[in-house]
Amino acid sequence: MSEIRNARRAPQEPTAAIAPGAADAAPVLDVRDLERRFAGLRAVDGVSFTVGRGEVVSIIGPNGSGKTTTLNLVTGVIPPHGGEIRLEGRRIDRLDPASIAEAGVARTFQNGRVFGALTVADNIEVGMHATLRAARPFRRLSRAFLLRWIPLLAELWLALVPTRAVRRERAAAADRVEAELGRFGQRLGPRRDDFAYTLSYANRRRTEIARALALGPTLLVLDEPTAGMNQSETAEVLEQLLELKAAGQTMLLVEHKLDLVMTVSDRVIVMDGGRIIAEGRPEDVRRDPAVVEAYLGRRREPYAGEGI
Amino acid sequence: MLDTLIAGLLHGNVYALVAVGISLVFGVSNVVNFAHFSIFGLGSMLAWWFTVEFGWPFWVTIPAVLAITGALGFVINLTVVRPLARFLPIAALLATYAVSQILDNLSQFAFGPRVRPFPDILPTDDLQLGGLRIGTSDVAMFATTIVVMAVLGAYLKWGKSGRAIRATSQDPDAALQMGIPVGRIQHLSFIIASALGGLAGVFVALYTGTVSPTSGLTTGLTAFVAATLGGLGSMVGAVVGGFVLGVVEAFGIAWLGDGVRDIITFTILLLVLVIRPGGLFGRTPLISTEPLTGTFLGRGRPIRLRWWGIAIALVTGGVLVPLFADAYLLTVGTQVLVYAIIGAAFTVTTGQAGVIALGQAGPIALGAYASALLTTALGWPFWVALPAAGLIAAIIASVLSFPIWGVKGHYISIATLGIGIVIVALIRVAEPITRGAYGIYGIPAPSIGDLVLSAPLAYYLIDLAVLVVTLVIVRQLRRSHLGRVIASVGSDEIAALASGVRVRDYKALAFAISAFFAGVGGSLLAHQYTYIDPALFSIPMSLLVLTIVVLGGVNVPFGAVIGSLVLIGALEVLRVAPEIRVILYGLALILIVRFRPGGVWVRRA
């Protein structure tokens, strides 16, 4: 399985063109030999890929090919059974999701998970949790046994009796929330004080993206950002993704709508049966016979060592 | 040694029968049915009623009990569980909790609260086993259980509807697609489960030789722990869990005394939930797909009090009532205020963090005892003991509950119920400090200098001041980033984690905040009552606190004031008898979660 990938791993000119300032050679995300099984089924079976700084990489593939599982492994929602994941050189595959978020990975979910009991603006504000410093003192202790109560109680105290630094941070956070809202101004602006559970499906996805961006992520992970959206809404999201890309945002994307993928991606990874079957520039991947086969069907072959 | 083992097996026998029912219902309806515990208690009472009062022969009694309890199971599913379980599982859990309280109190109302002797139907010590005497009665019960289990096992394996039950249990949607009448299968499961519960009730009466209308809850909870130990949804697990728990408990009690029963049971529960939440024979889902509590919250926008609303509330509470109310009304008022304090802060846990905690009487008891002991034994002034009581309640409740915050789904609610019960059990056991069941007398009234503030008006004003402070703090918290973070946890844990929110820690913090004010409330109660004992901090007290916040809106601090006014103020002024009150709390809870799940103090969205 690795032959194809290696054959197609070519230097990425677009990356260099978009992020000329990025001098460091280490990729933002480096995934090696990632594995995950579900009761005998190899959902992700030795997957390796990288995402360079400022690069937009999309994972496509038929249903059940392991795309979302790969995203869940990268963001720590489920733990991997093997392999390594590095973010800017630092291993994150043993971290819990919160720590991965603190390390700079923000994500959205396939089915639009918003905080229903919070307003749209508050949803976005929660997204900044990992970036707050003044309101969350002693943060380094927050993973320590028992001592984690020190940052918790300090945070409670500052929530009730804010210092000047905390107030300044609050004001900055409010500005950031407005900025993120402004990104979806037409759509989310009028809904800013509505509870998220009242939102339409498309607006939930927008809120989620805004919340993820509020983290100021090193890597933005998007799981089917246009699922359930109509054509004009999809086109809107495409515009926004291109804007983000132009601003140098590194992204890892899972998406079914191939037009969007081909337009926005620097590189496309094709998965099937938990493995990468092709990888490369969008126009190359599109013509790859293995990809055509995976999408359109294949000849019947006996499976060896697959399944239970 | 051997007699302990046999006692354990006989207890385990009963646990297994009840646990199988709990597991069966959980399997097909995905609801922990608290009402099952009361059905089991009712089984004992009915058996006593038919054999002793009516003089029916035993072979008529058993089918009669089975028929009645089975029918009751059907009614509970039809009226309470089914309408709620589909869209609001946590509401179904709350409703069955309420049904359980209603049934227990109806039973107490009908049969009287006394413990009564149950006649020996079969000889109880006529057989020799090793060096030990046992009875034909014991052997007969044991044999019956084995036969019942075998029949049930065969039915589930080969019977047409039995297979349908298993199919529904694995995937209700797929079962429905295959033409299985899922609704009827759920009814059937409730009937079978409840009849088994009734049978277990008869057995427990035979074995212990006594019956009482409130015996169901303790044994029922133990059986629930057995079902969890075996793995909810697994029949084999329920049987194994029942016997294992029976034996462990028997040895524990033989070794440490009867006071530790609850402590053993719930220690096992916590260990299972933390180490292997799926139990011995069950599985736990990797990612919970349902944000369980989010749906419960998003049911309307809290009504915001404008300045004139706040002004009216303050003038009424702070000026009009103190000026015009008599001593009786002021005493009622203090109760209303104390529960409003406890409830307003409880919304941080139930509403924001989305943890429906079922044992809030625990932290209240901690605060009451802490304050009572600090003032009587150490001579601290009330004004220092009051915040100290809050701190102590928060610390002890947090220490006891620290393992549970990673627990998923409904288990966390049950774990909080366990913690409430364990706290009261610990207070009972810690006799040298707390004087156990005797309680503590002579808790002093607050005083300023030489002025003793023991008049109802003084209590009222103190409580009002504390309530205002509580509401201000809770409001300040809700408006802060921390408040939003806690609310994100209650809305969707997975998404919160992805935003860098350490979900467990914030649940623990929310619970600690609620426990602090529960402790403060407990302290206020203790100094007003001047006498406290462990029986005060019962499950009905937890039910009351929960009903108050559900009535007002689980996410609406001011709603707790409304809830408290209605449930304590109105019922007290209408002079409703205590047993009926618990029934009304239960009914109120069911009706609210059924028809207005956001509470009354919200505007419908």
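Residues are numbered from 1 along each chain as its sequence is written, and chains are lettered from A, with ligands numbered from 1, in the order in which they are written. Because the model is predicted, local features need pLDDT of at least 70 and side-chain atom pairs count only at pLDDT 80 or more, whereas totals for chains, interfaces and linings use all residues.

Chain B holds 25 helices and eight strands; helices (H or I, at least four residues) and strands (E, at least two) are DSSP runs, numbered from the N terminus. The radius of gyration of chain B is 24 Å, close to the 25 Å that the globule rule gives for 605 residues, so chain B is as compact as a globular protein of that length. This radius is taken over C-alpha atoms, and the globule rule is 2.2 Å times the number of residues to the power 0.38. Along the principal axes, the C-alpha atoms of chain B fill a box of roughly 70 × 55 × 40 Å. Of the 605 residues in chain B, 57% are buried. A residue is buried if 20 or more other C-beta atoms lie within 10 Å of its own, exposed if 12 or fewer, and partly exposed in between, with C-beta atoms placed from the backbone. Among the contacts in chain B with a separation of 6 or more, 79% are between residues 24 or more positions apart; two residues are in contact if their C-beta atoms, placed from the backbone, lie within 7 Å.

Chain B is divided into domain 1 (2–115 + 126–275) and domain 2 (306–603), with bounds that come from an automatic or database domain assignment. The C-alpha centres of these two domains of chain B lie 32 Å apart. Their contact takes 30 residues from domain 1 of chain B and 32 residues from domain 2 of chain B. On the side of domain 1 that touches domain 2, helix H3 (58–85), helix H4 (89–111) and helix H11 (261–275) of chain B each supply at least two residues. H4(B) gives the most to this side, with 15 residues. The residues of this side of domain 1 of chain B divide into 25 nonpolar, four polar and one charged. Here Ala, Val, Leu, Ile, Met, Phe, Trp, Tyr, Cys and Pro count as nonpolar, Asp, Glu, Lys and Arg as charged, and the others, Gly among them, as polar.

Between the chains, 32 residues of chain B are in contact with 34 residues of chain A. Helix H12 (294–297), helix H19 (456–479), H20, helix H21 (493–498) and helix H22 (503–529) of chain B each supply at least two residues of the side that touches chain A. H20(B) gives the most to that side, with nine residues. The side of chain B that touches chain A comprises 15 nonpolar, twelve polar and five charged residues.

Helix H20 (481–491) of chain B is also among the elements covering the buried residues of H5(A), together with helix H7 (164–183), helix H8 (185–188) and helix H9 (201–214) of chain A. Helix H5 (residues 120–127) of chain A is mostly covered, with eight of its eight residues buried. Asp122(A) and Glu125(A) are among these buried residues.

In chain A, six strands form an open sheet of mixed pairing in the order E6-E7-E8-E3-E9-E10; two strands pair if DSSP finds at least two bridges between them. Strand E6 (105–107) and strand E10 (275–280) of chain A stand at the edges, each with a single partner strand, so one side of each is left without a neighbour in the sheet. Neighbouring strands of this sheet are turned by 20° against each other on average, direction ignored, the axes being lines fitted to C-alpha atoms, for helices over the stretch in contact, and angles running from 0 to 180 degrees between N-to-C directions.

Strand E7 (residues 219–223) and strand E8 (residues 250–254) of chain A run parallel and are joined by five bridges. Leu222(A) stands opposite Leu253(A), and Val221(A) has Leu252(A) as its bridge partner. Five of the five residues of E8(A) are buried, so E8(A) is largely enclosed by the rest of the structure. Thr250(A), Leu252(A) and Val254(A) point one way from E8(A), and Met251(A) and Leu253(A) the other way.

Four bridges join E8(A) to strand E3 (residues 56–60) of chain A, and these strands run parallel. The bridge partner of Val56(A) in E8(A) is Met251(A), and that of Ile59(A) is Val254(A). E3(A) is likewise mostly covered, with five of its five residues buried. E3(A) is also joined by four bridges to strand E9 (residues 267–272) of chain A, which runs parallel to E3(A); in this pair Ile60(A) stands opposite Val270(A).
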